[in-house]
Amino acid sequence: MSDHTGIREQQQQPDRARKSRAPAKTTFPMKAGAPITLPELPYAMDALAPVISRGTMGYHYGKHHKAYVDKLNGLIEKTPYAEMPLEKIIQSAAKDASKSAVFNNAAQAWNHWFYWLSMSPDGGGKPGGRLARKIEEDFGDFDSFANELKQAAMGQFGSGWAWVVDDKGRLKVLKTANADTPIAHGMTPLLAIDVWEHAYYLDYQNRRPDFVQTFLEKLANWDFAQKNMEG
Ligand code: MN
């Protein structure tokens, strides 16, 4: 039995069982007007070990991510930004060159929250369901897609991020420098890889390719990515 798209219904495999408790939307858990709080990790501090050690998580979440949140709160206190949701702060500060400190700390607060959700102790491997079909549609096959993502992550010179995004209905891979984030450019992020050295140096030293490869094999949270794709 075929529908009008020509896709046979019985070939549409059911999605993988949901293993993560990722939220359905990519809205940072903060109420407008409230101080920004450091979101809770979606798993235990040692849940991603040995791929990402408890030591890395302790510094990365407990020190780096927390510092971005704390610094941002100091910067936006008694300013119009204090009334905005985090996404709006990022988009607003992106348009004002004099607000680069607000942008950098806000974007890093958001990017890190998104990064924790982009990983799962049960992640890695290949996605199933609608995300798998969309990857085939836009990249040809999973291996081409994964290769492009690895190249983006390894090719980002210096600090930054590699992303899978939905850009007006088309999946794309991109890299951003420093704090820059797809949500400042009208794109919908599906998955993030932090390639700042602080993300991997304790565990991998300078071997960023090993970190990226292991991220894809063991941690990539494709269920989260699919939920983001579905909006
Ligand atoms: Mn980081």
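Mentor: Some ground rules. Residues are numbered from 1 along each chain as its sequence is written, and side-chain values use heavy atoms, with hydrogens and water left out. In this predicted model, local features need pLDDT of at least 70 and side-chain atom pairs pLDDT 80 or more, while totals for chains, interfaces and linings use all residues.

Trainee: How many helices and strands does the protein chain have, and what makes a helix or a strand?

Mentor: The chain has eight helices and three strands. Both are DSSP runs, numbered from the N terminus: a helix is H or I with at least four residues, a strand is E with at least two. From the N terminus on, the order is α-α-α-α-α-β-β-β-α-α-α.

Trainee: What makes a residue buried, and what share of the chain is buried?

Mentor: Buried means under 20% relative accessible area, exposed means over 50%, and partly exposed lies in between, with a 1.4 Å probe and protein chains only. Buried residues make up 48% of the 231 residues.

Trainee: Why is strand 1 called mostly covered?

Mentor: Strand 1 spans residues 160–167, and eight of its eight residues are buried. Look at its two sides. Gly 160, Ala 162, Val 164 and Asp 166 point one way. Trp 161, Trp 163, Val 165 and Asp 167 point the other way. In a regular strand the side chains alternate between the two faces of the sheet.

Trainee: How do you know that strand 1 pairs with strand 2?

Mentor: Two strands pair if DSSP finds at least two bridges between them. Eight bridges join strand 1 to strand 2 (residues 170–177), and the two run antiparallel. Trp 161 stands opposite Thr 176, and Asp 167 stands opposite Arg 170.

Trainee: Which strand else does strand 1 join, and by how many bridges?

Mentor: Six bridges join strand 1 to strand 3 (residues 188–194), again antiparallel. Here Trp 161 stands opposite Asp 194. Strand 3 is mostly covered too, with six of its seven residues buried.

Trainee: What makes strand 2 and strand 3 the edge strands?

Mentor: The three strands form an open sheet in the order 2-1-3. Strand 2 and strand 3 each pair on one side only, and that puts them at the edges. Neighbouring strands are turned by 20° against each other on average, direction ignored. Helix 5 (residues 142–155) packs on this sheet and touches strand 1, strand 2 and strand 3. The direction of helix 5 makes about 15° with that of strand 2.

Trainee: Why is helix 4 called roughly perpendicular to helix 8?

Mentor: Helix 4 (residues 129–139) and helix 8 (residues 222–230) have axes that come within 9 Å and cross at roughly 75°. Axes are lines fitted to C-alpha atoms, for helices over the stretch in contact, and angles run from 0 to 180 degrees between N-to-C directions. Under 35 degrees is roughly parallel, over 145 roughly antiparallel, 65 to 115 roughly perpendicular, and the rest oblique. So helix 4 is roughly perpendicular to helix 8.

Trainee: Which residues of helix 4 make the contact, and what counts as contact?

Mentor: Contact means heavy atoms within 4.5 Å. Helix 4 brings Gly 129, Arg 130, Leu 131 and Lys 134. Helix 8 brings Trp 222, Ala 225, Gln 226, Met 229 and Glu 230.

Trainee: Why is helix 8 called largely enclosed?

Mentor: Eight of its nine residues are buried, so helix 8 is largely enclosed by the rest of the structure. Among them are Trp 222, Phe 224 and Met 229. Gly 231 follows helix 8 and has a positive phi, near 75°.

Trainee: Why does Asn 178 count as partly exposed?

Mentor: Its relative accessibility is 42%, so Asn 178 counts as partly exposed. Asn 178 is in the loop between strand 2 and strand 3. Its phi is positive, about 55°, although it is not a glycine.

Trainee: Why does Gln 205 count as partly exposed?

Mentor: Gln 205 has 34% relative accessibility, so it counts as partly exposed. Gln 205 lies in the loop between helix 6 (201–204) and helix 7 (208–219).
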